[in-house]
Amino acid sequence: MTQMITCPTCGNGVSTEAETCPQCGHPIAGRKNDLEEWQGKNRKGCLKAILILLTSIALLFLVLMANK
Ligand SMILES: [Zn+2]
């Protein structure tokens, strides 16, 4: 049975039986690894966001202290 998945690169609908995305050439075979890699990247992005947030809060505190 042929299923359709969304290409992680261009968002095009691709058959799971296709080896590569017909639109951008992204490899579809082994897409599970791609998904895991993508989730790993997402985790890193989340950590970065938390770091930026903490830095912003620290800066805000510094500004508030300086004004007192
Ligand atoms: Zn694609």
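Some bookkeeping comes first. Residues are numbered from 1 along each chain, as its sequence is written. Because this is a predicted model, local features need pLDDT of at least 70 and side-chain atom pairs count only at pLDDT 80 or more, while totals for chains, interfaces and linings use all residues.

The protein has 2 strands and 1 helix, arranged β-β-α from the N terminus on. Here helices (H or I, at least four residues) and strands (E, at least two) are DSSP runs, numbered from the N terminus. As for confidence, pLDDT (the predictor's confidence in each residue, from 0 to 100) averages 84 over the protein, and 85% of the residues score at least 70. S2 comes out highest, at 90, and helix H1 (residues 31-67) lowest, at a mean of 84. Where pLDDT is low, the predicted coordinates should not be read in detail.

Of the 68 residues, 4% count as buried, meaning 20 or more other C-beta atoms within 10 Å of the residue's own, with exposed at 12 or fewer, partly exposed in between, and C-beta atoms placed from the backbone. Among contacts (C-beta atoms, placed from the backbone, within 7 Å) with a separation of 6 or more, 8% join residues 24 or more positions apart.

Now for Cys10, which sits in the loop between strand S1 (4-6) and strand S2 (13-15). Cys10 counts as partly exposed because it has 13 C-beta neighbours inside 10 Å. Leaving out residues up to four places away in sequence, Cys10 touches Cys21, Gln23, Cys24 and His26. For Gln23, 13 residues apart from Cys10 along the chain, the C-alpha separation is 7.6 Å.

How values were computed:
Two residues are in contact if their C-beta atoms, placed from the backbone, lie within 7 Å.
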